[in-house]
Amino acid sequence: MLVSGAALAAVLLSPEGDETEGDPGVSVLSLDADSVTQLGWTYEEESLSFLLEDDTWVYAEDSAFPLSTSRVESALSALCDLTASRAIEGAEDLTQLLIGDETTMGGERYLSTGDGNVYLVDEGFLDNFQYGLYDLVVKETIPSMDDVVRFTVEAETQTLDLYYLEDSGLAYSDEYVWFAASDGTYTALDSDLTQDLIEQVTLLSWGDCVDYKAGDEALAEYGLAEPAATVTVQYIETVEVETDLTDDDGNPIYDTQENEETFVLEIGSYTGSSCYARLAGSEMVYLIDATVCDSLLYTAADSLLPQDILLMDWDTVDSIDVTVDGATYTVVKSVQEVTDDDGSTSEETVWTLDGEEVALTSLLSSLNSLDSAGAAPTSEPQRSAQLSFLFHRNTETFPEVELIFYEYDSTTCLVSLDGEIRLTAAREDVDGLAEDFLALLPE
């Protein structure tokens, strides 16, 4: 059975006869869905036709087209039991099912089945046919990549190679888990900035599909024959695998397995506010947001460096040399056992200077939460140290960490961490730290 579907053009059907109110819910068309083997419609001058082959709907011109069969089935379902709110008798003798403009009452459309009448149907009926071919494509699945272990961007101008490494000992703080690798050297990165970049891919959604069977010539046009960037994501996929065992109730017991998987995305040319992209090796080409491409093409490791002035685990620190106004003071940490009035015991951290206790904990907390005032200037003017800390630690790696605040201008200080100046701090904040420390000194 052939149903030549809705010609969804902006065609106003002008009835020549009288408009008579029919019964509410008057039947316009009733079809047996199981007997329909071909369905088609025209939308925005694009004519589509679909065939039922082996109980599956396929695109008539290419059965290999990745067709969303659910949308075809929805369109057919809308035709199988079509009702109208009223009928207009004596209209032109139209030879195909047509849907015209919205009525003056709104919310309804004129429709003709070629039986000499024009019907008023709910305009929602039209939604089932407002699809061109590429609106019906089933897009390839982007996997869930929650546990990324490596993220690599290979572009013409640079390669960005990022690793997720917990408890690596590659930085003075174990809170740094993302590292950029280059020539065997690992550099700690800001976790939030790095995660934001990675999520450009792991949370990616395809835009429009522009080609489902791109050959070599088409790939060259999309800039994908030689991609501008290739992004490789290595991640751990956790799956539950059924074993041969059952529990006491006879239910199957599952084993949790972790498999390393790889996802590869290729970035092509820009087109307007979008960019062409595809899964490596796929013939399907999509549009993705151009800002995503910008991030992947032009983000360098330097722009992902930590924004923390200090991120110290104080449990690893045994003593601190603090230098203020040219004088150096050494505070030493000890852990003492204390007993409360109820007889319960606990451990308490005590800082002492020359044998006298100093209340250093609040200052150390302020130091760890000190905000950066921005990136350091590329040029380094003549400067002198305003305030410095040398942390002596009980760790195998980074047994000493040095933090120095250098005078820069009237509002900022340069911040040096282990000899590297990358950030600035507000001068008033540094002055406040120095004053707070001096106020702790015994009389």
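**Exercise 1. Determine which element gives the largest share of the lining of the largest pocket.**

Step 1. A pocket is, on a 1 Å grid over the protein atoms alone, an open set of points with protein on both sides within 12 Å along at least five of seven lines, and lining residues have an atom within 4 Å of a point. Strands are DSSP runs (E, at least two residues) and helices likewise (H or I, at least four), numbered from the N terminus.

Step 2. β15 supplies the largest share, three residues. The elements that contribute two or more residues to this lining are β15 and β29.

Step 3. The model is predicted: local features need pLDDT of at least 70, side-chain atom pairs count only at pLDDT 80 or more, and totals for chains, interfaces and linings use all residues. Residues are numbered from 1 along each chain as its sequence is written, and side-chain values use heavy atoms, with hydrogens and water left out.

Step 4. The volume of the largest pocket is about 340 Å³, a volume being the space filled by probe spheres set on grid points that are joined across faces, edges and corners. Of its 15 lining residues, Tyr-172, Ala-188, Leu-417, Glu-420 and Arg-422 lie nearest the centre.

Step 5. By class, this lining holds ten nonpolar, one polar and four charged residues; Ala, Val, Leu, Ile, Met, Phe, Trp, Tyr, Cys and Pro count as nonpolar, Asp, Glu, Lys and Arg as charged, and the others, Gly among them, as polar.

**Exercise 2. Describe the largest cavity by its volume and its lining.**

Step 1. A cavity is a set of grid points where a 1.4 Å probe fits but cannot get out. One cavity of 30 Å³ or more is counted, and the largest cavity contains about 60 Å³ of space.

Step 2. Asp-308, Ile-309, Val-415, Leu-417, Glu-420, Arg-422 and Leu-423 line the largest cavity. β28 (412-417) and β29 (420-426) are the elements giving two or more residues, and β29 gives the most, with three.

Step 3. The classes are four nonpolar, no polar and three charged residues.

**Exercise 3. Which stretch has a pLDDT below 50?**

Step 1. pLDDT is the predictor's confidence in each residue, from 0 to 100. The chain averages 87, and 90% of the residues score at least 70.

Step 2. The stretch is residues 1-23. Where pLDDT is low, the predicted coordinates should not be read in detail.

Definitions and conventions:
Contact = heavy atoms within 4.5 Å.
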